[in-house]
Each structure stands twice: as C-alpha cells, then as structure tokens.
Amino acid sequence: MKNRIHVLRAEQRWTQAELAERLNVSRQTINALETEKYDPSLPLAFGIARLFGKPLEEVFLYDEKPAEGGME
Amino acid sequence: MNNKLPISPDAAKKRYQWQVLIAMIIYMVVVFICVKLLKHPQPAAVRITLALLPALPVVWVMWSVIWYLRVADELQRRVHLESLSIAAGATAFISLTYGLLENLAGFPMVSAAWGFVILDLIWGATACILFRRYK
C-alpha cells in the first residue's frame, strides 16, 4: 500500500522520531511505513490520518501489489 | 496503536535489552557459583536448591519478554512473534533430531538446558534478519 506519510511529515517539519512519539510507535516503524515496507494496522492507519487531519484515503493509496503482510 | 502506554516503544526496547543483558550476566555468575559449590558433597535439599538457583534469572528474562511484547508497537511485536515461532519450531526439530541420534545411534547425551540456549540464539538471529527486512 502506498502512502504519503513522508510528504505529510515533511510539511509539519517533524522528524521521524517526533512522529513516532506522537503516534506512540518506534522510529523504526515510521521508517518502515514511509519506505512502504510495512502496512499499518487499521487503528494505526486511522491514528496517522487523524494526526495529519486528513481522511484515510488521502494518506493511504491502495496498491494492487500488496506490501509485506498485505492481502493476496 | 495504543496511546495509553506508559513508555514509548523505543524506550521499552532499550529497557528490555538491558534487563535481558543483566539477567543473563546474573545467570552466568549464579551457574558458575553453583557448579563450584556442587563439586563438594552437599545434602540432597541443598543440591536441588543449588541446581535450581540459575532458573531464577531466567524467570526474570521470561517476565521481561512478556512485558516487552505487551508494550512493543505492532511492527516490533510482529517481528518478535514471527522470530519466536521460527525459533520454537527449529528448537523442537533440533531437539527431536538429536534425541533420535542419542537414543538410536549412540550419540553422547546432552543437557536439556541447551534447549534454552539454542532457542534464544535462533530467536535473536532470526529477529535481527527480520528487522533488516523493514530497514
């Protein structure tokens, strides 16, 4: 699943560590999300969208090719 | 995602690593002392107590693992549960295979305590490999 987390984070001028702290996840998880190597759970995805004040579909873009752990 | 956690996942990981490191150092010291003491004749109750004493730091390790898996974020938990599953399966396979060699082919008897060491080593190595996948 593609996402715009990196762009949205840059707009806020937050570091990965700051975003991780706001979402209560590790910095490694933020990096894995931004590089699209990991698809978040639904609660985390909603948490990210709410933090950026965007609807879910503006943050996450469905990709036909699933990432790690995604639907086949 | 859980916003009620008392500690951040990054801080939890560091605390967990320190706890395991300290527990394993205590384990090695206790094993060394108990082995020394058990070389001398001791009453049965003392022998059993000394033999079981090294298990106490391992209880601390088990508690640390459970605590960490509860406070870890979803990616950390996923990697650790996956690597723990692989380690458990591999340890079971190694134990069974070597058990057959011991019983049927006359291979030397090995202490069952090695199962703990093998599981930990495979778990750690697998977790490192799996975490690299997300870098």
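This is a predicted model: local features need pLDDT of at least 70, side-chain atom pairs count only at pLDDT 80 or more; totals for chains, interfaces and linings use all residues.
Local features need pLDDT of at least 70, and side-chain atom pairs count only at pLDDT 80 or more, while totals for chains, interfaces and linings use all residues. Residues are numbered from 1 along each chain as its sequence is written, and chains are lettered from A in the order in which they are written.

Start with chain A. Its secondary structure comes to 5 helices and 2 strands. Both kinds of element are DSSP runs, numbered from the N terminus: helices are H or I with at least four residues, strands are E with at least two. From the N terminus on, the order is β-α-α-α-α-α-β. Of the 72 residues in chain A, 26% are buried. Buried means that 20 or more other C-beta atoms lie within 10 Å of the residue's own; exposed means 12 or fewer, partly exposed lies in between, and C-beta atoms are placed from the backbone. Contacts here are pairs of residues whose C-beta atoms, placed from the backbone, lie within 7 Å. Among the contacts in chain A with a separation of 6 or more, 60% join residues 24 or more positions apart.

One residue to look at is Arg9(A). It lies in helix 1 (residues 5-12) of chain A. Why does Arg9(A) count as buried? Because 20 other C-beta atoms lie within 10 Å of Arg9(A). Leaving aside neighbours within four places in sequence, Arg9(A) is in contact with Trp14(A) and Leu19(A). Glu34(A) is 25 residues from Arg9(A) along the chain, and their C-alpha atoms are separated by 9.7 Å.

Chain B has 5 helices and 0 strands. Its pattern along the sequence is α-α-α-α-α. The radius of gyration is 18 Å, well over the 14 Å that the globule rule gives for 135 residues, so chain B is more spread out than a compact globule. That radius is taken over C-alpha atoms, and the rule is 2.2 Å times the number of residues to the power 0.38. The C-alpha trace of chain B spans about 55 × 35 × 20 Å along its principal axes. Buried residues make up 13% of the 135 in chain B.

Chain B is divided into domain 1 (1-72) and domain 2 (73-135). These bounds come from an automatic or database domain assignment. The domain centres, taken over C-alpha atoms, are 18 Å apart. In chain B, 5 residues of domain 1 are in contact with 5 residues of domain 2. On the domain 1 side, helix 1 (9-38) and helix 3 (55-71) of chain B each give two or more residues.

Now the two chains together. 16 residues of chain A are in contact with 14 residues of chain B. On the chain A side, helix 2 (16-23), helix 3 (27-34) and helix 4 (42-52) each give two or more residues. Helix 3 of chain A gives the most, with 4 residues.

The largest nonpolar core has 15 residues. Such a core is a set of buried Ala, Val, Leu, Ile, Met, Phe, Trp, Tyr and Cys residues joined through C-beta atoms within 7 Å. Ala20(A), Leu23(A), Val25(A), Ile30(A), Leu33(A) and Ile48(A) touch the most other members. Helix 2, helix 3 and helix 4 of chain A, together with helix 4 (74-105) of chain B, each give two or more residues to this core. Ala20(A) has contacts beyond four places in sequence that include Val25(A), Ile30(A) and Asp10(B). A second, separate core of 5 residues includes Ala12(B), Tyr16(B), Tyr68(B) and Val71(B).

How values were computed:
Two residues are in contact if their C-beta atoms, placed from the backbone, lie within 7 Å.
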